[in-house]
Amino acid sequence: MSAQLKILAINGSERDGNTADVLRHAARVAENRGVDFETVDLRSIRMERCGPCGDCNDRPVACTLADGVPEVVAKMVAADGIIFAAPVHGFGTASLMQTFIERAGVGYLRFDRPLSNKVAGIISVARRYSAGEVWAQLTVNALLNRMILVGSGFPATVHALHRGDALKDEEGLTNVSRLVERMTDMMELLDEHRRLSGRSDALASGEVNERVGLALNELQAQP
Ligand SMILES: Cc1cc2nc3c(=O)[nH]c(=O)nc-3n(C[C@H](O)[C@H](O)[C@H](O)COP(=O)(O)O)c2cc1C
C-alpha cells in the first residue's frame with residue numbers, strides 16, 4: 001500500500017478571494033480522488049524580498065535570508081504534485097508569487113532541482129488581461145524545475161474581478177477540474193511505477209542542474 005498522494009497548492013494572492021475560491025474548488029476535486037490537498041497562502045508566511053547581495057547566480061549555497069520560504073520549499077519537496085496559482089496584477093504575476101518564484105527558485109531550487117518529476121499544475125486568475133501570459137510564465141518556471149506538466153485541455157485561467165466572481169466562471173472551473181484530474185492520473189501512474197520498479201526516481205534527472213557546463217557554474221566548480 002502506498003502513502004496517500006498529496007498536492008500542495010501555492011496561493012499568490014494577498015486576500016482570501018478568487019484564487020482561494022478556485023483552490024477550494026481544486027481541493028474538492030482532488031479529495032474526491034482520494035488525494036490530500038494543502039494550500040500555502042503566501043500572504044500568511046513571512047517572506048523577505050530578494051536582498052541587495054546580487055550574488056545569487058554565483059553563490060554555491062542556499063539563500064541566507066531567514067524567513068518562511070525554506071519551510072514552503074520543504075513542503076513542495078514532500079508533495080507529489082504542486083499547483084502554482086496566482087492572480088494577474090498589472091499585466092503580470094502578482095508580487096507575492098513573483099517574489100516566491102525568485103526566492104525559492106534562485107535561492108534554493110536551482111542547486112539540485114528537488115522538484116524534478118513532480119506533477120505541476122498552473123492556474124492564473126484575472127479579470128481578463130494577461131491571464132495567458134502569467135499562466136505561461138509560471139509554466140516555464142515549472143519546466144525549469146523539471147516538473148511534469150500534463151495536458152488537461154484548455155489552460156486553467158479563471159476570469160474574475162470581484163470576490164466571488166471566480167465561482168461564476170463555469171468554463172474556468174471546468175478547466176481547473178480537468179487539470180486536477182489529470183494531475184491525479186499522472187501522480188497515480190508515477191506512484192505505481194515507483195512501487196513496481198522499486199525506484200524512487202521514476203525518470204533519471206540527468207545532470208544535477210542545467211548550469212553544469214555553463215559559465216554560470218564556474219564558481220561552483222572551484223574548490
Ligand atoms: C493591483 C491589481 C492589479 C490588477 N491587474 C490586473 C490586470 O493586469 N489584468 C487583469 O485582468 N486583472 C487585473 N486585476 C484584477 C485581478 O486579477 C482579479 O481581481 C483577481 O480576481 C484577483 O484575485 P484574488 O481575489 O485572488 O486576489 C488586478 C487587481 C489588482 C488588485
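Is Arg46 buried, partly exposed or exposed? In this predicted model, where local features need pLDDT of at least 70, side-chain atom pairs count only at pLDDT 80 or more and totals for chains, interfaces and linings use all residues, Arg46 is exposed, with a relative accessible area of 52%; buried means under 20% relative accessible area, exposed over 50% and partly exposed in between, with a 1.4 Å probe and protein chains only. Residues are numbered from 1 along each chain as its sequence is written, and side-chain values use heavy atoms, with hydrogens and water left out.

The side chain of Arg46 meets that of Glu48 in a salt bridge (3.2 Å, N to O), a term that denotes a side-chain nitrogen of Lys or Arg within 4 Å of a carboxyl oxygen of Asp or Glu. By this rule the count comes to 14 salt bridges. One of them joins Arg33 to Glu181, with the closest N and O atoms 2.5 Å apart, and Arg33 and Glu181 also belong to a salt-bridge network with Asp185 and Glu188. Arg33 is partly exposed at 26% relative accessible area, and Glu181 is likewise partly exposed, at 32%.

Leaving aside neighbours within four places in sequence, Phe100 is in contact (heavy atoms within 4.5 Å) with residues including Ile10, Met76 and Phe84.
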